[in-house]
Amino acid sequence: MQVPKAFNHFFEETGKVTKFTSRFFTSGLKPRYEFKEFLRQCFVIGYKSLPLIGLTAFIMGLVLTMQLRPTMVDYGVESQIPDMVSIAVIREIGPILCALIFAGKIGSSIGAEIGSMRVTEQIDAMEVSGTNPYKYLVVTRVAAATLMLPVLTLISDAISLYGSYVGVNIYAITSFRLFFLQVFYALSFPDIIPAFIKTFFFGFAVGMIGCYMGYNSSKGTEGVGRSANAAVVASSVLIFIIDLIAVQITEVLGIN
Amino acid sequence: METGTKNETTFDQVAQDEILVAITHLKKSFGNNHVLKDFNLTVKRGESVAILGKSGSGKSVLIKCMIGLLEPDEGKISIFKKNIPDLQHEELDRLRAKIGFLFQSNALYDSMTVRENLLFPLRRHWIKTTREEEENMILEALNNVGLANTINMMPNELSGGMRKRIALARTLILKPEIILYDEPTTGLDPITAKEISTLMVEIQEKYGTTSLIISHDLNCIKITADRMVILINGICYAVGTFDELKESTDIKINQFFE
């Protein structure tokens, strides 16, 4: 039986990504470590993404509260809004939304940056200069993305809840203390820990896919654009797949 | 002038210790595309050799095999009496510090200033220098190319010719014994191309470097090269001086000079 070309291509590409990723755990984690570049990437990937992620998180918390309110009022459980928003934001919406925005901003920028470096021979120049480009470009960016996304998610969750607090106060005056007391009463560790852990995997996926697409960029500016685009699409899909797997694991482990 | 598949001067013609580069029976293919079939070349210390060939004839592949960016399928590339394909990463990096490479696209790091671009190879090769020494080395390299005033500029603020000069300065900072030039004048106007060619000669005279130049530009080759090699069908088809090859009656050689 003839295997369809698309399947062949899919498996071929999956194999290449796996090989590329395995280098991170083999050669990538051995010295020499690129601490300076890693810190620079943490700044670029983490700090510079904060305004965008903070803004979207605030709007998301606000809008979610405003959309939920009429239904909650109908059922007479308006006072449960902080509980509902906090569980929704912390468990699912916060990490996913943050990861998707992160994929759009960071995945595309890594793909385009490394892609243009490939096309303009900068990666070759790095190798000639006695630098392992995989360690310098890929390991630093993937490690920074893996560590920064959880931090950004924590901050964005907090901002979302603040947005929700503002949303609640549009219709009725509620104290900051009361709102957040209710939020923390509603939350338990099984809500926070699995959601937090999966963000490390989201960050790793976004960084790795962005680097892979850029590193294997074909010649020309069109190739760079395609790499950036493919990085966003592939990492967004991967985020949902990881999320699905994470939910299944927490179900199996009974920490849901 | 020598032509044919025997190609190139043999080892016993020149003293062994004078030979810096010896390429023997080099083969490299990409799928069914046999780019280099049986390439042989020797380059002596202080010599400037240009390699001329059509687009896609494997000139860039050859130069990338020499610096270890591509792995040949067969054959030896002996530089400083070490076979490049056999070297481990660390040893290759140490050897690369003695070999400069000027990329066709200049390959300047967009996110770094001129100073940082020049510092990069210096720091990456673990060369122990004080800040003052580093500064002096950067200034010397920039003065060599006449662009000391661009030290704090970004590559995108420079013209094509200036970028080429900065790339050359970055190549020079480690004072390499061999410089590999990949199409050094491509994309430049004739006047700038001539300036770059002259600069290459000046550098060779000043530091006594050995040069291997890949080029289509006959004017550049005429100015810079002591010897020319014509690469046809993956082999070293002819070797000689510019004038010798220009006078050749061989049709395949003549087409390059038409």
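Select β7(B) to begin: I99(B) and F101(B) point one way from the strand, G100(B) and L102(B) the other way, and all are buried. Buried here means 20 or more other C-beta atoms within 10 Å of a residue's own, exposed means 12 or fewer, and partly exposed lies in between, with C-beta atoms placed from the backbone. Strand and helix names follow DSSP runs (E, at least two residues, for strands; H or I, at least four, for helices), numbered from the N terminus.

Before going on, some housekeeping. This is a predicted model, where local features need pLDDT of at least 70, side-chain atom pairs count only at pLDDT 80 or more, and totals for chains, interfaces and linings use all residues. Residues are numbered from 1 along each chain as its sequence is written, while chains are lettered from A and ligands numbered from 1 in the order in which they are written.

Look across from G100(B) and you'll find I179(B) in β8(B).

Next, click L180(B). Leaving out residues up to four places away in sequence, L180(B) touches I63(B), M66(B), I67(B), I99(B), G100(B), F101(B) and L212(B). A contact means C-beta atoms, placed from the backbone, within 7 Å. Which residues touch the most other members of the largest nonpolar core? They are A169(B) and L180(B), in a core of 131 residues. The top contributor to this core is helix α4 (residues 81-119) of chain A, with 15 residues. A core of this kind is a set of buried Ala, Val, Leu, Ile, Met, Phe, Trp, Tyr and Cys residues joined through C-beta atoms within 7 Å.

Select residues 160-172 of chain B for helix α5. Its 13 residues reach 18 Å from first C-alpha to last, close to the 18 Å expected at 1.5 Å a residue (1.5 Å times one less than the number of residues). Of those 13 residues, 10 are buried, so α5(B) is largely enclosed by the rest of the structure. Among the buried ones are R163(B), I166(B), A169(B) and L172(B). To see what covers them, show β7 (99-102), α3 (114-124), α4 (131-144), β8 (178-182) and α6 (190-207) of chain B, among others.

For a contrast, pick N254(B) in helix α9 (residues 251-257) of chain B. With 13 C-beta neighbours inside 10 Å, N254(B) counts as partly exposed. Draw a C-alpha to C-alpha distance to K82(B): 36 Å in space, 172 residues apart in sequence.

Finally, show both chains. Here 10 residues of chain A are in contact with 14 residues of chain B. Zoom out on chain B and you have nine helices and 11 strands, with C-alpha atoms filling a box of roughly 50 × 40 × 40 Å along the principal axes.

Conventions. Contact = placed C-beta atoms within 7 Å. Pairing = 2+ DSSP bridges.
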